[in-house]
Amino acid sequence: MADQNETRPTPLGIYDRAVADKITAIEIIALSLSAVWLLGAAVFFLTLPTEASAEYTTNTSLRFMMTMLAVFMPVGMIWVAATAARSSKIMREESQRLQSAIDAIRHAYIVQSQSGRITAEPSVARKLEEIAAAQRKTETALATFTSSREAQSARAAATEPAPQVDEQTTLPLGTTAEDMAPSISREEFIRAINFPETAEDTVGFNALRRALKDRAVAGLVQAAQDVLTLLSQDGIYMDDLRPDMARPEVWRQFAQGTRGRQIAALGGVRDRSSLALASGRMREDPIFRDAVHHFLRRFDKSFTQFESEASDTEISELANTRTARAFMLLGRIAGVFD
């Protein structure tokens, strides 16, 4: 008895090269029609009446031409049609094999991604590292500049008499620098949640730095960083998504508490691979699931505050940011728009 565990060669399946049949039904039909036609032509010429045969044979050239046309032209037309039919059949088979190969590759990619065997480079994490490095450089430069100004102020104060201070402003206990920091503008808010485009995006870095100092916005920025980093591990990047953009009126309905089918247009992400990968990880990874729910709550709260003062143009700009695209994708798999 053969060993059942014996290693067998893996069949190539749909990737194997198709072996074309030497004789198919098309050739058989063409041969049959050709034989029938030739037999009919032979019967016709053999049973031709004597008078007609004598008149027909008076011109040898005419006889030859008519015989060729009557016998071989229909046979040629039969084989032209047979060749066209076989070519059409081959094209259909190749098209089906190609479609099957594409479906198999997509399925294998999704399965491998869900099992953790695809390790995509986390570009968002790399961008965050660049942001941190640029922030450290900026803080160093600011510290140097501040030290120089303080030294100059100390030298100037040494040469001038100290002013008389009659009153001193006091702050309530527990007040921090973050509480005293002014709120960021709507334009800076939009730039911050879109994150810097490149390492040289000075405006983006400044907006992100101011957002991290604002308590109301910092929570959303950090939650967005977490989910974008987790999505990048499965090869899902917001720059690759091209969602259908909803009208500002639909976004305002969401900010005012509307949920379900009435705001279904906000789930404009249609990329099947991204939806399948994110949905699978949502079911299997509790850390990812908690991060998604935290991000959705933060986005809901921040956008509600933003919408009360924003114009339709500003809402459209916000809807095109990386954070808003992540909301469209994750809100759809979380059932926010169902």
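# A guided tour of an all-helix chain

Start by selecting Arg-186, Glu-309 and Glu-314, which are linked in a network of salt bridges. The model is predicted. Across the whole structure, a search finds 14 salt bridges, and several of the stops below are taken from that set.

**Whole chain.** Zoom out and show the cartoon. There are 13 helices and zero strands. Of the 338 residues in the chain, 31% are buried. The accessible surface is about 22,600 Å², with 57% of that belonging to carbon and sulfur atoms. Among contacts between residues at least 6 apart in sequence, 79% join residues at least 24 apart.

**Glu-27 and Arg-86.** Select these two side chains. They meet in a salt bridge, 2.6 Å from N to O. Glu-27 lies in helix α1 (residues 25-46) and Arg-86 in helix α3, so the bridge ties together parts that are 59 residues apart in sequence. Are these two residues buried or exposed? Both Glu-27 and Arg-86 are buried.

Phe-72 is partly exposed, with a relative accessible area of 49%. Together with Phe-64, Met-65 and Met-68, Phe-72 makes a nonpolar surface patch of about 420 Å².

**Asp-239 and Arg-322.** Next select Asp-239 and Arg-322, which form a salt bridge with the closest N and O atoms 3.0 Å apart. This pair links distant parts of the chain: Asp-239 is in the loop between α8 (215-232) and α9, Arg-322 is in helix α13, and 83 residues separate them.

**Asp-244 and Arg-270.** Asp-244 is in that loop between α8 and α9 too, and Arg-270 is in the loop between α9 and α10 (272-284), 26 residues apart in sequence. Their side chains meet in a salt bridge of 3.3 Å, N to O. Asp-244 is partly exposed, at 41% relative accessibility, and Arg-270 is partly exposed as well, at 48%.

**Helix α13.** Select residues 322-333. Why does the length of this helix agree with expectation? At 1.5 Å a residue, its 12 residues should span 16 Å, and the end C-alpha atoms are 17 Å apart. The helix is mostly covered, with 10 of its 12 residues buried. Among them are Arg-322, Phe-327, Met-328 and Leu-329. After α13 comes Gly-335, with a positive phi near 85°.

**Aromatic rings.** Show the ring side chains; the count comes to 11 aromatic pairs. One of them is Trp-251 with Phe-327: the ring centres are 6.0 Å apart and the planes at 40°, so the pair is tilted. Trp-251 belongs to helix α9 (residues 248-255) and Phe-327 to helix α13, 76 residues apart, and the pair links these distant parts of the chain. Both residues are buried.

Now select Phe-295 and Phe-299. The centres of their rings are 6.2 Å apart and their planes are at 45°, so this pair is tilted. Both lie in helix α11 (residues 286-307), four residues apart, about one turn of the helix. Phe-295 is buried at 0% relative accessibility, and Phe-299 is buried at 2%.

To see how these pairs connect, select the cluster that ring pairs build from Phe-189, Trp-251, Phe-254, Phe-295, Phe-299, Phe-303, Phe-306, Phe-327 and Phe-337.

Select Ala-192, which lies in helix α6. Ala-192 is buried, with a relative accessible area of 0%. Which residues does Ala-192 contact, leaving aside neighbours within four places in sequence? They are Ala-207, Leu-208 and Ala-211. In helix α7, the buried residues include Ala-207, Leu-208 and Ala-211. Val-203 is 11 residues from Ala-192 in sequence, and the two C-alpha atoms are 9.3 Å apart.

The last stop is Phe-195, in the loop between α6 (186-194) and α7 (202-213). Most residues other than glycine have a negative phi. Phe-195 has a positive phi, near 65°. At 8% relative accessibility, Phe-195 counts as buried.

Terms used: Residues are numbered from 1 along each chain as its sequence is written. This is a predicted model: local features need pLDDT of at least 70, side-chain atom pairs count only at pLDDT 80 or more; totals for chains, interfaces and linings use all residues. Side-chain values use heavy atoms; hydrogens and water are left out. Patches are made of residues with over 30% relative accessible area and no salt bridge: like charges are joined within 9 Å, nonpolar side chains (Val, Leu, Ile, Met, Phe, Trp, Tyr) within 5 Å. Accessible areas come from the Shrake-Rupley method with a 1.4 Å probe; for residues, only the protein chains shown count as cover. A salt bridge is a side-chain nitrogen of Lys or Arg within 4 Å of a carboxyl oxygen of Asp or Glu. Buried means under 20% relative accessible area, exposed over 50%, partly exposed in between (1.4 Å probe, protein chains only). Helices (H or I, at least four residues) and strands (E, at least two) are DSSP runs, numbered from the N terminus. The expected span of a helix is 1.5 Å times one less than its number of residues. Rings of Phe, Tyr and Trp (its six-membered ring) pair if their centres lie within 6.5 Å; planes under 30 degrees apart count as stacked, over 60 as edge-to-face and the rest as tilted. Contact means heavy atoms within 4.5 Å.
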